[in-house]
Amino acid sequence: TIELTTSISNKDAVGKLIEGRVIGDVLRKSKIFLENGAVVRGRIRRLDRYQGGSHFVVGLEFTEVQAHGVPLRFYADLVSLDKTKGVQRALREQALLPDRSTRTTEITLPELPGVASFFVEGDTFVLPPGLRTIWRTRGLLRGVD
């Protein structure tokens with residue numbers, strides 16, 4: 001679990017540095033590999049309006065985690081997000097078909113390692129520090145470029 005320590009809003013620019021911290025010890029072969037509170041760093045990867053509508057598309061990319069003072073590449077898949085008002089991983093849209101029936105389509109964002117992609121509802125938004133994301137690690141690699 002990573003808890004954001006950086007506030008993120010619709011006024012931020014893509015590329016802004018973001019930071020979080022690991023919540024709970026991460027074990028590897030029954031030993032603590034990442035300590036509770038380890039710092040995780042990254043950037044805002046995406047921040048734009050979804051089709052000019054009432055949602056933003058947000059992508060937060062984590063690339064580095066400090067393990068025992070050594071920077072490691074963060075390589076994991078997003079499992080879930082905190083339940084936060086207006087924040088959702090998928091959108092449901094209704095389309096009117098020629099026969100006047102409606103069809104609901106679920107819109108999802110591509111899943112990329114280390115990237116939390118989601119939608120935020122509203123004309124503006126602020127994600128305060130404390131937003132939690134849960135990840136499944138693929139591996140931690142030494143040396144961050």
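**Close-up A. The largest pocket holds about 180 Å³ of space.** Thirteen residues line it, and those closest to its centre are Thr1, Val22, Val26, Trp135 and Thr137. Strand β14 (residues 132-142) gives the most to this lining, with five residues. Sorted by class, the lining of the largest pocket has nine nonpolar, three polar and one charged residues. A quick word on terms: a pocket is an open set of points on a 1 Å grid over the protein atoms alone, where a 1.4 Å probe fits and protein lies on both sides within 12 Å along at least five of seven lines; lining residues have an atom within 4 Å of a point. The volume is the space filled by probe spheres set on the points, which are joined across faces, edges and corners. Ala, Val, Leu, Ile, Met, Phe, Trp, Tyr, Cys and Pro count as nonpolar, Asp, Glu, Lys and Arg as charged, and the others, Gly among them, as polar. Strands are DSSP runs (E, at least two residues), numbered from the N terminus.

Before moving on, keep in mind that this is a predicted model, with local features needing pLDDT of at least 70 and side-chain atom pairs counting only at pLDDT 80 or more, while totals for chains, interfaces and linings use all residues. Residues are numbered from 1 along each chain as its sequence is written, and side-chain values use heavy atoms, with hydrogens and water left out.

**Close-up B. The second largest pocket comes in at about 150 Å³.** Its lining includes Asp77, Leu78, Arg89, Thr108, Pro110, Glu111 and Ser117. Strands β8 (70-81) and β12 are the elements that give two or more residues to this lining. By class, that makes six nonpolar, two polar and three charged residues.

**Close-up C. Arginine 41 and glutamate 19 join side chains in a salt bridge, at 3.3 Å from N to O.** A salt bridge here is a side-chain nitrogen of Lys or Arg within 4 Å of a carboxyl oxygen of Asp or Glu, and the structure holds nine of them. Arginine 41 sits in strand β6 (residues 39-49) and glutamate 19 in strand β3 (residues 17-22), so the pair ties together parts that are 22 residues apart in sequence. Arginine 41 is partly exposed, at 33% relative accessible area, and glutamate 19 is partly exposed too, at 30%. On this scale, buried is under 20% relative accessible area, exposed is over 50% and partly exposed is in between (1.4 Å probe, protein chains only).

Close-up D. Glutamate 61 is partly exposed at 22% relative accessibility, and arginine 45 is partly exposed at 41%. Also in strand β7 is glutamate 64, which is buried, with a relative accessible area of 17%.

**Close-up E. Aspartate 123 and arginine 49 form a salt bridge, at 4.0 Å from N to O.** Aspartate 123 is in the loop between β12 (115-121) and β13 (126-127), while arginine 49 is in strand β6, 74 residues apart. Aspartate 123 is exposed at 61% relative accessibility, whereas arginine 49 is partly exposed at 32%. Elsewhere, salt bridges with shared partners join Glu3, Arg21 and Arg132 into one network.

Conventions:
Helices (H or I, at least four residues) and strands (E, at least two) are DSSP runs, numbered from the N terminus.
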